[in-house]
Amino acid sequence: MRTILITGPGGSGRTTVAAATALRAAGNGIRTLVLSADRTDTLGTALGATTGPTPTRVTPHLTAWRPDATAGFRDDLARFQDRASNVLNLLGASRLDPEEVTPLPGAEELTLLRAVRDAALSERHELLVVDLPPTQQALALLSLPDELRRYLRRLLPAERQAAAGLRPVLGRLAGVPMPSEWLYETAARWDTELGAVEAVLADREVVVRLVAEPGPAGTDDVRSAGLALALRGLRPDALIANRVVPEEWPAGLVAQQRKALEEWQESYDVHAVPHLGHDPRGTDDLTALPVPEVNDTTSTVEWPVTDHLAEDGVLVWHLPLPGAIRDELDLIRRGDELLVSAGQFRRIVPLPSALRRCTVAGAALREGELRIRFAPDPDLWPRTP
């Protein structure tokens, strides 16, 4: 299934563009599902139909769904309380009733990720259009599965021998039974679920589209989003310049938008969507918006390793990071992982297998690409007979 993730700064019209993208695909006969995580029904306002936790058929080929984070969090908490009932009783803790449960911060994001996974695995649709939160939240959302899996592996490693041996001692000291096998079973289940979400987001059929209004603020957001996506090995397949005003509008605004568009066209496939003179509402308005069609592009960017052993005695890892600033780059090697920081963004990435037997010999930023040199470690590198 093809998946289009759409994000942009708050107020850029990303939900409207997501709805228009889904409607156009459905009009071409593609079975389409559009998802949104907004608590308020901004998606339904754009489509002219009410959306909610039950998927709503908008047109014969278009379904809209806005999953309920409260219901999902309530179900998860109920399952946890059932599994931990013995420990809770010994501690004298009272159970929470479903009526008093409100979702914690981040529940909407987890609910949306689950919905993306479920939609991708259901095979009921040919296209999934996801109205992501505003840019900064969306970028954190894309990183969430990988980060949560990392935390789980550190806190509850698969090797449980030490924990199994210490559990009876810790239980006597604490006076209550320590978490038993169900804790590891729960962690394993979460790891499996998060792994499925991670696999869906990493699929080459998933593309990211940015929506921004041409101007100084939009330009800053596009630059920031482009760098953050690049750090995840992604590149937008299209940049939708929304609410582009006609030439007869005030000259200052026209010039400001033109300058932004010219800058964007140097780096992105830009699609200008004109200002309708009012906020788009309903399918007629959405149909009038010339959003790009579904195509066969990919947002995945390869990070290749090139062999320079014969010439320089090193392997070079190429990380495209357009918009990165040299003084804001930082690298930390930790075991078989590399922590890469670019400005306010960072990512921990596993090293390719060949580089795990090397030491970092230097790095340079050239033409928007970070090139990290690795020298073979004599103690780990296979010796030539």
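Leucine 210 of strand E6 (206-212) has leucine 239 as its bridge partner in strand E7. Helices (H or I, at least four residues) and strands (E, at least two) are DSSP runs, numbered from the N terminus. The model is predicted, so local features need pLDDT of at least 70 and side-chain atom pairs count only at pLDDT 80 or more, while totals for chains, interfaces and linings use all residues. Residues are numbered from 1 along each chain as its sequence is written, and side-chain values use heavy atoms, with hydrogens and water left out.

E6 and E7 pair in the parallel sense over four bridges; two strands count as paired if DSSP finds at least two bridges between them. E6 also pairs with E1, again in the parallel sense, over five bridges, and isoleucine 4 stands opposite valine 207 of E6. Seven of the seven residues of E6 are buried, where buried means under 20% relative accessible area, exposed over 50% and partly exposed in between (1.4 Å probe, protein chains only). Both faces of E6 are covered, with Val206, Val208, Leu210 and Ala212 on one side and Val207, Arg209 and Val211 on the other.

Threonine 3 belongs to strand E1, residues 2-7. Threonine 3 is buried, at a relative accessible area of 3%. Beyond its neighbours within four places in sequence, threonine 3 is in contact with Leu128, Val130, Glu205, Val206 and Val207; contact means heavy atoms within 4.5 Å.

E6 also takes part in covering helix H10. The buried residues of H10 are covered by elements including strand E6, helix H9 (216-231), strand E7 (238-244) and strand E8 (270-274). H10 comprises 15 residues, 251-265, and reaches 21 Å from its first C-alpha to its last, close to the 21 Å expected at 1.5 Å a residue; the expected span is 1.5 Å times one less than the number of residues. Val254, Gln257, Ala260, Leu261 and Trp264 are the buried residues of H10. Seen down the helix axis, these buried residues fall within an arc of 135 degrees, so they line one face of H10; the arc is that of the directions from the axis to the C-beta atoms. The face turned away from this buried side carries the exposed residues Ala251, Gly252 and Lys259.

Axes are lines fitted to C-alpha atoms, for helices over the stretch in contact, and angles run from 0 to 180 degrees between N-to-C directions. The sheet is open, with three strands in the order E11-E12-E13 and antiparallel pairing. Strand E11 (329-334) and strand E13 (345-350) stand at the edges with a single partner strand each, so one side of each is left without a neighbour in the sheet. Neighbouring strands of this sheet are turned by 15 degrees against each other on average, direction ignored.

E12, residues 337-342, pairs with E13 in the antiparallel sense over six bridges. Leucine 339 has isoleucine 348 in E13 as its bridge partner, and glutamate 337 has proline 350. E12 and E13 form a hairpin with two residues between them, and glycine 343 in the turn has a positive phi of about 65 degrees.
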